[in-house]
Amino acid sequence: MTDSNNQENKKFKGDLGDYELVSTQDGSYTLHSEYFNESCHSLSGAVEETLFNYINGCELPDKLNQNELSIFETGFGLGIGYKTTTEFLETSSFEGKLTFVSTELDSELVNFAKTNTELSQSSNYPQFKELAFNNSPVPHFKASKNGHILIILIGDARKTTPVALDRGLLPKFHAIYQDAFSPKRNPFLWTVEWFETLKSISDKTVVLSTYSSSNSIRKSMIESEWLVQNRKGFGTKRTCTRAKLTGKTDEEVKLSLGRSPAASLRDKDI
Ligand SMILES: C[S@@+](CC[C@H](N)C(=O)[O-])C[C@H]1O[C@@H](n2cnc3c(N)ncnc32)[C@H](O)[C@@H]1O
C-alpha cells in the first residue's frame, strides 16, 4: 500500500492464519500469507506489478472510451488491484461507469483494507471504508458512489461466482485480473473448471491477464476455450499470459504446449 505509514513488519491475524506486510522495491507494500506461504505480489514492486500485469495486461488504456467498464478480480488481498485501477482511471480520460468485482476467501483482509487503505480524498470512486456487508445471494461487501460500484464476494470464488452470476449480481466483464496465489500453492483457481467459470462471466471483448506462464495453466485455459497469448513478464519473470475469447492462440504458444508433457489442471486431480 502506498498510503500506509510505517507498515513494515506489521503483522495481523486473519481467518486463514497470520499475515505480514512486506515492503517492495517501488515503495508499496504487499502481504505475505502464512496459510499459502506466499506473498501477494512480486517484491520488485506491488503497484508497478499491478500496472504491468492488470492495467496494461488487460488493455485498459484501450477501453477508456467505453460507457461501462466491468472488471473481475480473482483474489482481493490488500485491495491494490482496485486502488491502482481507480487511481489510473482518475488520471485518464475515462468518463464511464466502473463496476469492480473482487473475490476473497478471508474476510479479515477486507476489514484490514477498510481500516488501513484510503483512496485519495477527492476520489470519484467508492472507498473501502464505505463497504457494507450483505449476506444475500452470497456473502459480499458492496459500496456505490457516482454510479461506480465495488463488490467483494466473500468465500471460495469457485462457489460464490456462479451463484452471484445466476442471481444477477454480476455484469459481463471486460477485464479479468487473474491474481490468485501461484498454481503450485493454490491450484484450485487455475483449473479448466475455473477458467470455464471465468468464461461464463465474460463479455466477448474480455481480456484476461495473469503473471503465470506455466504450461499447465495455459493448457487449462485452452481446454476451456480461451485463446492464449504470450507476453513479456514483470520484474524477474521472463513471460506471463494474456487470454481472450476472440482472435487466436499464438503459434509459438501452441508449439511449446505441444512439446510440453505438462497436463492441464482439473478439479478431480487436486
Ligand atoms: C495474490 S493475492 C491477491 C492480491 C490482490 N489482487 C491485491 O491487489 O492486493 C491472492 C488472494 O486470493 C485469495 N484467495 C485464495 N484462494 C481463494 C479462493 N478460492 N476464493 C477466493 N479468494 C481466494 C487469497 O486469500 C489472497 O488474498
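Which residues have the most contacts inside the largest nonpolar core? They are Ile 152, Ala 175 and Ile 176, in a core of 59 residues.

## Before you start

This is a predicted model, in which local features need pLDDT of at least 70, side-chain atom pairs count only at pLDDT 80 or more, and totals for chains, interfaces and linings use all residues. Residues are numbered from 1 along each chain as its sequence is written.

## The core

A nonpolar core here is a set of buried Ala, Val, Leu, Ile, Met, Phe, Trp, Tyr and Cys residues joined through C-beta atoms within 7 Å. A residue is buried if 20 or more other C-beta atoms lie within 10 Å of its own, exposed if 12 or fewer, and partly exposed in between, with C-beta atoms placed from the backbone. The largest core has 59 residues, and strand β9 (residues 148-154) gives the most to it, with 5 residues. Helices (H or I, at least four residues) and strands (E, at least two) are DSSP runs, numbered from the N terminus.

Leaving aside neighbours within four places in sequence, Ile 152 is in contact with Phe 76, Ser 102, Glu 104, Val 110, Leu 131, His 140 and Phe 141. Contact means that the C-beta atoms of two residues, placed from the backbone, lie within 7 Å.

## The sheet

Now trace the open sheet of 9 strands, which runs in the order β7-β8-β9-β6-β5-β10-β11-β13-β12 with mixed pairing. At its edges are β7 (132-134) and β12 (227-232), each pairing on one side only. On average, neighbouring strands are turned by 20° against each other, direction ignored. The angle comes from axes, which are lines fitted to C-alpha atoms (for helices over the stretch in contact), and angles run from 0 to 180 degrees between N-to-C directions. Two strands pair if DSSP finds at least two bridges between them.

Both senses of pairing can be found here. Strand β8 (residues 140-145) pairs with β9 in the antiparallel sense over 6 bridges, and Ser 144 has Ile 149 of β9 as its bridge partner. β5 and β6, in turn, pair in the parallel sense over 7 bridges, with Ser 102 of β6 as the bridge partner of Glu 73. Strand β5 (residues 68-74) is mostly covered, since 6 of its 7 residues are buried.

## Around the ligand

How many residues surround the ligand? There are 24, and the closest are Gly 75, Gly 77, Leu 78, Ile 80 and Ala 157. A residue counts as near a molecule or strand if its C-beta atom, placed from the backbone, lies within 6 Å of it. Helix α2 (80-90), strand β6 (97-104) and helix α4 (157-166) each supply at least two residues of this shell.

By class, the shell has 11 nonpolar, 7 polar and 6 charged residues. Ala, Val, Leu, Ile, Met, Phe, Trp, Tyr, Cys and Pro count as nonpolar, Asp, Glu, Lys and Arg as charged, and the others, Gly among them, as polar.

## Two threonines

Thr 99 is found in strand β6. Thr 99 counts as partly exposed because it has 19 C-beta neighbours inside 10 Å. Apart from neighbours within four places in sequence, Thr 99 is in contact with Ser 70, Ile 149 and Pro 171.

Thr 197 is found in helix α5 (residues 192-200). Thr 197 counts as buried because it has 20 C-beta neighbours inside 10 Å. Beyond neighbours within four places in sequence, Thr 197 is in contact with Arg 158, Thr 161 and Pro 162.

## Helix α6 and some backbone details

In helix α6 (residues 215-223), Ser 216, Ile 217, Arg 218, Ser 220 and Met 221 are buried. The buried residues of this helix pack against α5, β12, β13 (239-244) and α7 (251-259). Glu 225 is exposed because 12 other C-beta atoms lie within 10 Å.

Most residues other than glycine have a negative phi, and most peptide bonds are trans. Glu 225 instead has a positive phi near 70°, and Asn 37 has a positive phi of about 50°. Asn 37 lies in the loop between β3 (29-33) and β4 (38-39), and counts as exposed because it has 10 C-beta neighbours inside 10 Å. The peptide bond from Ser 136 to Pro 137 is cis, with omega near 0°, and Pro 137 lies in the loop between β7 and β8.
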